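Hi there,

Here is the structure I said I'd pass along. Have a look at it first, and my notes follow below.

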Amino acid sequence: MTDRSRPGRPARPGLALVASVLITVPGILIRIMGIHPIHWVAAACFGLAIVGAAFLLGWGAEVVQLDISAGLALAVLALIAVLPEYAVDFVFTSKAGTNPKEFAPLALANMTGANQLLIGVGWSLVVLLAAYRVRTVRSTVTAPVTERPAVTVSDVSDGSDGSAVSDGSDVRLGRTHSVEVAFLFAATVYGLTLPLRHTISLFDAAVLVSIFIVYLVRIARAPAETPSLVGTALLIGGLSPRGRRAVVGALFVGAATIILLCAEPFAESLVSTGEEFGVSTFLLVKWLAPLASEAPELLIAGTFAWRLNTDAGLGALVSSKVNQWTLLVGTLPIVFAISSGTHHGLPLDPLQRQELFVTAAQSAFAVAILASRSISVREARILLGLFIAQFVASGALPGPMRGPALIIAGIVYLLLAAAQIVRERRQMATLLHDGFVVPYSELVEGDAP
């Protein structure tokens, strides 16, 4: 069993837990007491409640790694972390069952925005933050002792374990993460066919959910290891086993209750806010809702990157992407079928097909980059730069020009992906073989220093 946790507890870790609980209170009170504040205030209160609940879920999911296998823990961590995203998306999808013209585009907007944000900001954040941290540590090696940071140069791996910034210019994933990348490759290949349809059908749901189930079975075979806990998660993990499990259970139940209470009014408040201020509801749902639900996950990954545990930080985000691109996308047509009382798929208008195209294309480029199980600072900057350009274009361009801009962005992603796959074709073949075929015991041996 490998123990990568650091000794000691951070100062006042309980403050973050208290703060996360407190920011949920206004939204809960508004919901329970039936208060009707102005739309943007309601959206802010419900959004903060979801953010707080997401933090509680994230900490609980981190600590639960102490009680289940490492691979399954990573999948559970990623799945639980995106539960707020699922809740908001299911609200829009269920409403689309009775009003598809208005709400089907919003369901797709929330899903595609979350996927694009996860790669464009999340993956880039881990790489750039860790690289900055490495440069900071190394630049102070010759400084007087009183000026040196708490993290020493010995904390910077040479990359031999595949779990840190190797030379300040790239971040490597351990060989065991070939599993997540391989299944993300499979989901992405299928995802590239979705823009060619007029609906996301129940057949698509069966395929994508099946990919997720096979992925879960595969990753559950990973051996156990002690996780790297930081901050509030470290505080909870230090409790007795019985106390720890009780707290984790309370976090899960409490956070799930908050999300169930606030997800629907949050979605409705976003729509009303856009209508009130003349702001595109589509853009609000695409960017603001995922930002609220995924902020804690990005912060946790950033914390791991700052501590130079990039294997945990980037690994969790890659696993989250697998979850979103399989289970989230796959369950949307199921929710739509139930709410509409039909067997019809979730309808796609031209803009939604373009959004799916650019989302799948971005995923293809990201997978191609990870063929070598590493992301360089240069590649992270490209991912972030393309995301920023796409984000600005979606808000600045007039409606008729957004579709062509999305198509152009998708083509750029696919061309970059094709070039990367050709360049890394041997490593891609090795990665897929590792991800789908090689036993976990052999993958773990490959990660040994």
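First, a term: a salt bridge here is a side-chain nitrogen of Lys or Arg within 4 Å of a carboxyl oxygen of Asp or Glu. By that rule, the structure holds 6 salt bridges.

Some housekeeping before the details. This is a predicted model, so local features need pLDDT of at least 70 and side-chain atom pairs count only at pLDDT 80 or more, while totals for chains, interfaces and linings use all residues. Residues are numbered from 1 along each chain as its sequence is written, and side-chain values use heavy atoms, with hydrogens and water left out.

Now to the salt bridges. Lys95, Glu264 and Glu268 are linked in a network of them. In the pair of Glu264 and Lys95, the closest N and O atoms are 3.5 Å apart. That pair links distant parts of the chain, with Glu264 in helix α10 (residues 241–277) and Lys95 in helix α5 (residues 83–96), 169 residues apart. Helices, by the way, are DSSP runs (H or I, at least four residues), and strands are too (E, at least two), numbered from the N terminus. Lys95 also meets Glu268, at 3.0 Å from N to O, and these two are 173 residues apart.

For accessibility, buried means under 20% relative accessible area, exposed over 50%, and partly exposed in between (1.4 Å probe, protein chains only). Glu264 is partly exposed at 33%, and Glu268 is partly exposed at 35%.

Another salt bridge joins Arg175 and Glu442 (3.9 Å, N to O). Arg175 lies in the loop between β1 (170–172) and α7 (178–191) and Glu442 in helix α17 (residues 440–447), so the pair ties together parts 267 residues apart in sequence. Arg175 counts as buried at 18% relative accessibility, whereas Glu442 is partly exposed at 37%.

Then there's a helix pair to look at. The axes of α3 (residues 39–63) and α11 (residues 281–306) come within 7 Å and cross at roughly 40°. Axes are lines fitted to C-alpha atoms, for helices over the stretch in contact, with angles running from 0 to 180 degrees between N-to-C directions. α3 and α11 are therefore oblique to each other (under 35 degrees is roughly parallel, over 145 roughly antiparallel, 65 to 115 roughly perpendicular, and the rest oblique). Where do they touch?

Cheers
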